[in-house]
Amino acid sequence: MESLLVECLKEFKPRIGSSLDDTIATVSSELIVEVGRKLKDDYRTLCDFLRCLSVVDYEDHFQVVYHLYSTQKNHQLVIKSDIPYEDPHIPSVMGVWVGADWYEREGHDLFGIIFDGHPDLTPLILYEGFEGYPGRKSYPLNDYKEW
Amino acid sequence: MTSEPQTGTPGTVDMMMNMGPQHPATHGVFRMVLSIDGERVIDMVPHIGYLHRGSEKLCEHEQYSQIITLFDRLDYIANFNNELVICKATEKLMGLEVPDRAQYIRVILCELNRLASHMLFYGTFGLDAGAMTPIMYGFRERERIQSLFESISGARMMHNFFRIGGIRYDLPEDFNQRITQLLNELQKGAEKADKLLTFNEVFLARTRDVGIISAEDAIAYGLSGPNLRATGVNYDVRKSDPYEVYDRIDFDIPLGDRGDCWDRHYVRMREMYESIKIIRQCLEQISEGPIMAPVRRIARPPAGEVFAHAENPRGDFGVYLVSTGGDKPYRLKMRPPSFCNLMALRHMLRDAYIADAVMILGSLDIVLGEVDR
């Protein structure tokens, strides 16, 4: 699996690692759409199913994690991309997997990440006018007063 | 008179219709704003988040064993299945081997929960179609399953019964006798329910070729579970990535072919028989033994990250867990199946009739507790 990923993504110079049974490729955030398209279209990977899109707050930077799955090959790949804490931007992968829509809106709601190219980043699970980004580590859990 | 939609022609304007959040047919607090032209839906804007409790954030502040009870409250129709996923994720990270007996009991309980969930779907979907009787049939069977759950875990819902490394209690003494009787009743109940609704002519007219989604679109939207299998895609976590003891059990995955409302109903009805088959095999294979792996009271998985998932009644429920080595997770992200299933609703509602909108939403079998988290 690792050699396959190295072979497929060699033009994007990824950092390949692994965790338990997952193979992880870390790529630069500007390349995420091209990497996604490559993994979706390449006959060796065929990752047509976006299983999960998560944002992790590491306090000095954010990490966006894409869990990809291939319904034909039955394998899972993980793509990661680090983005800076201040003014976090990453291109939207909605053009590759349309199912990224709500995940990205949720990431925008809770972490304040701007997914460039997303057609509609209005609040999804928070209400209009909510201030702050409650998913971030810096947001307090108990001190929050709603009214 | 013309049957063509008049969108955009001079003198006509699309009407906005608000449905929900307090509407019995939305199966929870889900609001959709429909723009309609006559009887046809042109577009739909979904609004979710009325049940948002910040579960993911809460999980970061609880110990691993305390998270299990939060997972009960996500998909509140299928509690055991949810508990299994978080236990599996933590066990995978810790490299724990769960004793055989505990695995069998987990599978039995999860499959019973799947039956209960599909029975509820059957009842509410019948109601959506305008039939009153199915809800009585569905709830009767569901009640039987829930009273068995009560005798095992002490609660009818929100069990908090699975533990990291096993389960809390062994099965009660009269379990074998009760489950044999229950399975016979469920088999009969499912057959009766099937006979009452599935091939009913009115029901067929309401559901056949309504709300069609193609296999390609379904995969692109990330649909899973019976909704995806109704389009003919053979994707079931129990087969593609077997967990617990599913690899020792012989069962089939029912598939649909058109991806319409009727297929989604039919796949669930067939799944109920498969679940009964799975439970029967588990009961034959289960043996005496320990129900807990030797673990410390407070789980402290090593630093690392893991993605664990399982086949819930609604689809592929996943958890992405990042640990930095403490007794609490650093980050916990859930992949609720209903979230993705609901995302595809907008696509499916385009050009449908308003009367079918309720059917299409009902056929997706969403639970807002896990959509909003």
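Select helix α5 of chain B, residues 133–153. Helices here are DSSP runs of H or I with at least four residues, strands are runs of E with at least two, and both are numbered from the N terminus. The 21 residues of this helix reach 30 Å from first C-alpha to last, close to the 30 Å expected at 1.5 Å a residue; the expected span is 1.5 Å times one less than the number of residues.

The model is predicted: local features need pLDDT of at least 70, side-chain atom pairs count only at pLDDT 80 or more, and totals for chains, interfaces and linings use all residues. Residues are numbered from 1 along each chain as its sequence is written, while chains are lettered from A and ligands numbered from 1 in the order in which they are written.

Stay on α5(B) and colour its buried residues, among them B:Tyr137, B:Ile145, B:Leu148 and B:Phe149. A residue is buried if 20 or more other C-beta atoms lie within 10 Å of its own, exposed if 12 or fewer, and partly exposed in between, with C-beta atoms placed from the backbone. Look down the axis: the buried residues fall within an arc of 155°, so they line one face of the helix. That arc is taken from the directions from the helix axis to the C-beta atoms. An α-helix has 3.6 residues a turn, so residues three or four places apart point the same way.

The buried residues of α5(B) pack against α4 and α6 (175–197) of chain B. On the face turned away are the exposed residues B:Met136, B:Ser147 and B:Ser151. Just after the helix, B:Gly154 takes a positive phi of about 90°.

Next, show both chains. 25 residues of chain A are in contact with 28 residues of chain B, where contact means C-beta atoms, placed from the backbone, within 7 Å. On the chain A side, β3 (49–57), β4 (61–70) and α3 (100–111) each give two or more residues. The largest share, six residues, comes from β3(A).

Now select A:Ile113, in the loop between α3 and β7 (114–116) of chain A. A:Ile113 counts as buried because it has 21 C-beta neighbours inside 10 Å. Leaving out residues up to four places away in sequence, A:Ile113 touches A:Val55, A:Phe62, A:Pro88, A:Ile90, A:Gly107 and A:His108. The C-alpha atoms of A:Ile113 and A:His67 are separated by 18 Å, and the two residues are 46 residues apart along the chain.

Last, select A:Leu68. Its contacts, not counting residues up to four places away in sequence, include A:Leu39, A:Phe49 and A:Ile79.

Note on methods. Contact = placed C-beta atoms within 7 Å.
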